[in-house]
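Hi,

Here is the model I promised to pass on. Have a look at it first, and then read on for what turned up.

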Amino acid sequence: MKRLWNRLPSFAALFSLTAGVFAAEDLTLYHKELAKADELPGIRAASTERFETLKQNIESSRQNFKTEKLPPLVRERMTKRFEICDRLIRTIQAQSQNPQMENVFHVMRALNDLEIFERYFKDELEHGKKVQALPAAKVFSVKDFGAKGDGITDDTAAVEAALAAIRKLGGAPAELLFPKGKYRFSKLMHAESTRNLLGNKPIPCADVKKENSNNHYYTKYVHFLLTDFDNLTVRGETPDTELIFAGQEHGILLAACNNVTLKDLTLRSGLPTHTQGMLEAVDMKNKTLTLRIDPGFPTPEDSCWKVVHDCTAQSYDDKGVLVKAGSDILVIKPWTYKKLGDRLYEMNYTAARYRQIPSGIRMAFPVRQDRQSMVQPKRCKFTTFDNITIVSAGASAFPTAESYVTSFINCKILPEKGRLMSSAADGSINADNFFGPYYRGCIFRNFGDDGINVFGYAGHLLEQKGKWIKADCHHFFGEYVAPGETLTLQKKFIVAIIDPNTGKIKGMARVVSVKSTPDNGLPVCEMELDGHLAENAIVTAKTLAPELSWIEYRKAVNEAAAKRRAQMQSGPPESKPDMIAFLHESGIGTVVTGCEFTNNRHNGITMQSSNVLIENTLLGDNSDFGILLTSYYRGLGGWREGGLPYNVVIRNNTLRNTFIALSLWYSIGQGKYAPVAALRDILFENNRCIGATRGIDFYNVNGFCMRRNVMEGLKFVRCDKSNNVYMENNLWDGEAFSPAHFLAVAKGEPVKCDFRTTDPKFAGRAPELNKLKLDHYRWSKTPDSLKLQMKSEGLGVDILKRPEGEKIHAAFTQTGFLCSGLPVGNYRVKVCVTADRDCSILLVSEIVKKKEFASKRISCKANVPQETELLLHVESGHAWQPMRLCSYYLAEAEAGTHFELTRPTVEHIEKK
């Protein structure tokens, strides 16, 4: 039996169906000056040749994968990623058939990602074969080097001594063993230099306490530093073997390591990571919270708050489940509070997301310290965290940066008994990784931000000279470039130039060489690009402010943005310089399988990468989105992280009790959503969504398929700026999912979706005609011309004003009933109208886009009910489209006229 995927239209067909939509609405992602029309055939031909070579190389790796003896984890990772890659290949094949520039350039971007998969499969195979051939590891117990493991003694020196002994092995397999106990790290480790991800030159290590260190590692002031190690396992004798980090710096930092595993350990911050207590009273007018703080947790006078600039509180019920209405409460310095009694404080807050904060709930305020991440690989290869438990962290528990193939297996972030929170920030944040992380069997609960966030940073364009651009970024593509040095890159990396004002891509090019040119301590580099650039359309900081230096311009824009944020204002639109996005560093190939991310403030998963698989995962009881696919290219003064997601499969997950179950959008600087369809080829299937304050949102999508999903207790769906949206065999509270569930219907906006029911199990029930959801509306050219009164059986209407010169067919004074549309068929619509004076009106039934189905002129006598009917035929092209079931055109009625309009009744009739 063929898979359902193969029974759906190909994506080539999807993209060809609305070829004219792009021209009409300009939802194209790629700038029109990227290439001339006569260049497109040549680009397509070159892409086809490149595609065939990549496919052959990947197939060669697949055959080796089938025959080689590999470690189980290597085989597991490759299996999932071959599936992602195969879907990417199908997407390229389908879209390469469409000659539009939009698809030609998207194929080019997809081929760049396919090249990354080609490299990954070769590297993973080589890694797996090497690991399989390694001899048994030599074991070094930290107690043999003087460690006490009593939770009180500082064991830092003993661990450093053990690492020094391991380093003498020169990369031969070693195991650093922590026997059962509690090991305290009070002093700090550091390194003066280390290796890089690519290249062989040693690079200096920067001072982490400096705000900007161009192209350097932050490897000073770390509690437990592992740098330049190969083939090392750090293991606890039992999973509750504990490492305690006493200060406010990073817990464990892995720098430039290869094939390092951390296993069977529990990690803890020795400093407070949050305070908590019972919320006894709320005064939302004066923005105060009266909190009785639990014993053992810091009070507002405690010195730990000095390092915290802002704090976002979250709340829990007596079962430890997040209470959304008591979460997302923002406090910004300076802290203001009043002591009312023993551990009882009245605390001021800056802003609250919800209008009513319930008292009597338990509330936590995270002591978020962004340099107190618990365990981080930075520029490492093939790092694995296996059965690591984190019970407290001042920032992200598991961050990764600029690394390659990082795996999290059966890891946990859990609050201890009696504590409301675990990590004060994200469960796992992944920035600028050369290949995406792999999560399997992880459980993250009660943390202060996203469950996981995968993205790549972007820089701002300072100047442009032809193919050379200068940007404020520290990206040197895995290699070290000394200040003033120009380096030709060993690997091929692709960048995109993006307009933060429109979201469009103005350039796609390979970086040939890079030069480090720091500007007053700020990270700045110059890049030589080879590719397609809309050179005449590129905007830089020098273009916008030629009289200002970069540091002056940056300071002015950031200060203005910070002022708007503090005042909770969006501010007027303003032009911003274009950005350079490092799409190859956005975590391509991320896999999340069999995990749980629950009871956190913000999102379960924020995915800003392409070629992703999310499956068999529980997400929910959080304050925002279950899953968010997005990019935040907001430009200078705003967030600048993303990856433009496409080829994303979300399947067999449960999303429960969220604000929004699934959301897709592309956020830019001059508005919430970009006016382009940037997110492509998204599949959401076999998921169960239970309870969401809003439901599902999707914007900026070109190619979105929802099939075989079950939605229960969701409010509605919203969509905009999207094309090629297919809904197949979905259930909504036991009925067939239809346009009736879209909020857009109430606004009279068309829903651009193709609804299908191909499996009888998912057919559900068609809406009963006598239970059609009808919304009233009014519209007039003259403000305040109509007054409406909703009644149990209909609508009362008073004409207050009447524009002069209106004709009977004018649409300037109208009211009536909206519905979400009807299935294919023939219908009789019956209504009754009563006017308090003689008049004529026009009765119309039509779809929202003014496609008239039926109309009839009605002559009313004063106070005499006038019954009438309209006969409708709904064709397949108009099925389920939002319509004005009964629209009353009131142009001929005088001011002062009162109408009583009955609720329309609809019955299905056989065609005669």
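How many helices and strands are there in the protein chain? There are nine helices and 64 strands, where helices (H or I, at least four residues) and strands (E, at least two) are DSSP runs, numbered from the N terminus.

Some housekeeping before the details. This is a predicted model, so local features need pLDDT of at least 70 and side-chain atom pairs count only at pLDDT 80 or more, while totals for chains, interfaces and linings use all residues. Residues are numbered from 1 along each chain as its sequence is written, and side-chain values use heavy atoms, with hydrogens and water left out.

**Confidence**

The mean pLDDT (the predictor's confidence in each residue, from 0 to 100) is 88 for the protein chain, and 89% of the residues reach 70 or more. Over residues 1-24, though, the pLDDT is below 50, and beyond near neighbours in sequence this stretch has 45 contacts in the model; a contact means heavy atoms within 4.5 Å. Residues 208-216 also stay under 50, with 33 contacts beyond four places in sequence. Where pLDDT is low, the predicted coordinates should not be read in detail.

**Overall picture and cores**

Of the 912 residues in the protein chain, 58% count as buried. Buried means under 20% relative accessible area, exposed over 50%, and partly exposed in between (1.4 Å probe, protein chains only). Among contacts with a separation of 6 or more, 72% are between residues 24 or more positions apart. The accessible surface is about 35800 Å², and carbon and sulfur atoms own 50% of that; the areas come from the Shrake-Rupley method with a 1.4 Å probe, and for residues only the protein chains shown count as cover.

The largest nonpolar core has 112 residues, and Leu176, Phe178, Phe224, Tyr666 and Phe698 have the most contacts inside it. Strand β45 (residues 654-668) gives the most to this core, with six residues. A second, separate core has 59 residues, including Leu54, Ile116, Leu489 and Leu613. By a nonpolar core I mean a set of buried Ala, Val, Leu, Ile, Met, Phe, Trp, Tyr and Cys residues joined through side-chain atoms within 4.5 Å.

**Strands around β13**

Worth a click: β13 (residues 274-283) pairs with β21 (residues 362-366) in the antiparallel sense over five bridges. Strands pair if DSSP finds at least two bridges between them. β13 is also joined to β14 (residues 288-293) by six bridges, again antiparallel. Methionine 278 stands opposite arginine 362 in β21, and the bridge partner of methionine 278 in β14 is arginine 292. β13 and β14 form a hairpin with four residues between them, and lysine 287 in the turn has a positive phi of about 55 degrees.

Lysine 333 and proline 334 are joined by a cis peptide bond, with omega about 5 degrees. Proline 334 sits in the loop between β17 (329-332) and β18 (337-341).

Two non-glycine residues with positive phi also came up. Histidine 602 has phi near 90 degrees; it lies in the loop between β38 (596-598) and β39 (605-607) and counts as buried at 17% relative accessibility. Asparagine 729 has phi of about 55 degrees, is found in the loop between β50 (723-728) and β51 (731-732), and is buried with a relative accessible area of 2%.

**Salt bridges**

The count comes to 49 salt bridges, each being a side-chain nitrogen of Lys or Arg within 4 Å of a carboxyl oxygen of Asp or Glu. In one of them, arginine 62 meets aspartate 86, with the closest N and O atoms 2.8 Å apart. Arginine 62 is in helix α4 (residues 40-67) and aspartate 86 in helix α5 (residues 72-95), 24 residues apart. Arginine 62 is buried at 16%, whereas aspartate 86 is partly exposed at 24%.

Glutamate 907 and arginine 828 also form a salt bridge (3.3 Å, N to O). Because glutamate 907 lies in β64 (residues 905-909) and arginine 828 in β58 (residues 825-835), the pair ties together parts that are 79 residues apart in sequence. Finally, salt bridges that share partners join Asp328, Arg353, Arg368, Asp426, Asp449, Arg601 and Asp624 into one network.

Cheers
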